Amino acid sequence: QDLFEGVDFYLVDELFTEEQILIRNSIRDFVKKEVSPYIESWAQDAHFPPEIVPKFGEVGAFGPQIPTAYGGGGLDYISYGLIMQEIERGDSGMRSTASVQGSLVMYPIYKMGSEAQKKKYLPPLAAGKMLGCFGLTEPDHGSNPAGMKTHFKDMGDHYLLNGSKMWISNAPHADIAVIWAKNEEGRVHGLIVERGMEGFSTPETHGKWSLRASSTGELVFDNVKVPKENLLPGKSGLGAPLMCLDSARYGIAWGSLGAAMDCFDAARRYAKERIQFGKPIGSFQLVQKKLAEMLTEITKAQLLVWRLGKLMNEDKATSTQISLAKRNNVAMALDIAREARQIHGAMGITGDYSLMRHMMNLESVITYEGTHDIHLLILGQEITGIQAFK
Ligand code: TGC
Ligand code: FAD
């Protein structure tokens with residue numbers, strides 16, 4: 001891990017500004033120091049380390065794209081992507097913590113919140129003094145969030161919230177939850193629910209083989225009285241949570257690249273060191289094929305997210321362009337993790353190497369934020385004009 005220097009076959013670094021490289025390198029150093037030495041034992045123990053939250057805040061990993069006036073980094077989208085890439089090189093679960101906080105909690109508050117909500121929540125979230133989670137998925141509504149059952153009633157001086165959410169990253173440790181629920185007319189709204197509100201609980205989901213260093217849980221709302229000022233006033237309808245997903249999916253397209261780079265780097269080194277039949281395994285054509293294909297796919301994925309980042313910076317990126325990148329890069333990373341694990345033979349199944357952890361993590365990454373097939377259908381709809389998922 002310590003030797004990791006990145007993968008840059010096409011001199012992609014030349015496409016980045018000095019500032020972007022500086023940011024990338026500072027997060028790379030942070031991950032080497034604060035994540036890589038501990039991640040294997042956190043994952044083996046299914047332990048989420050709460051002490052990482054203020055450290056992420058200090059290094060600027062939370063809401064890098066949010067303006068500095070609210071405590072964010074005020075950075076461009078390529079810098080944001082590079083930050084996600086470096087964190088996920090360490091672990092997808094760590095990147096989940098950061099991208100949920102930045103893209104799914106801070107972003108909706110910044111884009112749809114009142115000035116008072118922005119002032120109250122954004123600075124402590126950016127600093128890692130507060131942790132947030134995002135509740136859209138329900139036990140019976142994953143790919144189809146439009147069917148959500150969680151609802152709230154206007155009681156005059158407050159809202160009464162009932163329902164539940166499932167598979168929520170950060171939930172068991174979160175101080176606040178940005179959740180999506182229907183009003184009496186069936187329109188989706190965002191609400192900020194705070195830990196400590198009566199009737200609100202966050203039971204942890206146990207037994208995951210994936211994202212073990214990230215904590216996942218349910219959000220249960222049993223007649224929770226939510227103050228009226230906690231409704232996000234800026235936008236309603238399903239488009240509101242889906243807009244947040246665009247920002248997070250963009251980060252995942254970069255993040256998965258980091259996991260792929262880590263696997264490739266490990267496989268390249270192992271292929272040169274491991275001797276079988278009197279030669280390094282890297283001298284066999286089949287191993288070289290695996291490595292050559294990994295490098296090819298990483299290079300294509302790097303150029304894809306760089307271009308997407310430019311479009312994001314110019315406010316020209318479309319949701320379907322983001323779907324294409326999320327889908328392609330996560331599948332690419334998962335394939336590379338599997339191949340890299342094979343190159344490591346039996347050693348690849350142990351915690352001495354990061355391959356199996358990345359591979360298992362990426363099974364969640366290919367499922368959350370829209371499954372691989374849902375993104376394919378989003379693209380299919382764009383191409384044909386015909387929706388195939390209903
Ligand atoms: P549809 O009728 O297509 O759209 C409803 C409204 O939303 C608008 N819209 C979008 N707006 C912004 N960004 C997008 N990406 C948007 N996609 C759609 C759309 O224009 C429409 O607006 P309006 O004004 O006409 O009402 O909605 P649908 O019900 O047909 O569903 C479409 C579908 C299936 C693509 C969508 O529901 C979907 O993406 N499903 C996947 C669900 C998903 O991604 N869940 C993620 C949960 S969060 C999570 O996983 C966090 S993990 C984080 C971590 O740990 O890192
Ligand atoms: P389903 O929707 O039941 O899908 C099951 C299978 O059916 C999939 O292969 C899917 O592609 C396929 N399928 C579904 N519909 C169609 C169709 N129309 N056509 C073809 N195939 C279809 N959610 C949050 O809100 N917040 C979070 O923080 C969060 N964190 C998560 C963390 C982890 C570790 C995981 C695993 C999930 C998380 N999720 C979160 C939930 C995630 O977004 C959902 O799991 C995802 O959207 C898929 O929903 P589902 O699991 O209910 O699968």
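Begin by selecting ligand 1 together with its shell, which comprises 25 residues; those that come nearest are Ser-96, Ser-169, Gly-239, Ser-319 and Gly-370. A residue is counted as near a molecule if its C-beta atom, placed from the backbone, lies within 6 Å of it. Next, colour helix 5 (92-112), helix 7 (239-273) and helix 11 (372-384), the elements that each give two or more residues to this shell. Helix 7 contributes the most, with six residues. Helices (H or I, at least four residues) and strands (E, at least two) are DSSP runs, numbered from the N terminus. Colouring the shell of ligand 1 by class shows 14 nonpolar, nine polar and two charged residues. In this scheme Ala, Val, Leu, Ile, Met, Phe, Trp, Tyr, Cys and Pro are nonpolar, Asp, Glu, Lys and Arg are charged, and the others, Gly among them, are polar.

The model is predicted: local features need pLDDT of at least 70 and side-chain atom pairs count only at pLDDT 80 or more, whereas totals for chains, interfaces and linings use all residues. Residues are numbered from 1 along each chain as its sequence is written, while chains are lettered from A and ligands numbered from 1 in the order in which they are written.

Then select Arg-327, in helix 9 (residues 319-343). Is Arg-327 buried or exposed? Arg-327 is buried because 23 other C-beta atoms lie within 10 Å; the cut-offs are 20 or more for buried, 12 or fewer for exposed, and partly exposed in between, with C-beta atoms placed from the backbone. Beyond its neighbours within four places in sequence, Arg-327 is in contact with His-372, His-375 and Leu-376, contact meaning C-beta atoms, placed from the backbone, within 7 Å. Ile-374 is 47 residues from Arg-327 along the chain, with 9.2 Å between their C-alpha atoms.

Finally, select Leu-122 in helix 6 (residues 115-127). Leu-122 is buried, with 24 other C-beta atoms within 10 Å. Leaving out residues up to four places away in sequence, Leu-122 touches several residues, including Ile-66, Tyr-70, Met-106 and Tyr-110.

Terms used. Two residues are in contact if their C-beta atoms, placed from the backbone, lie within 7 Å.
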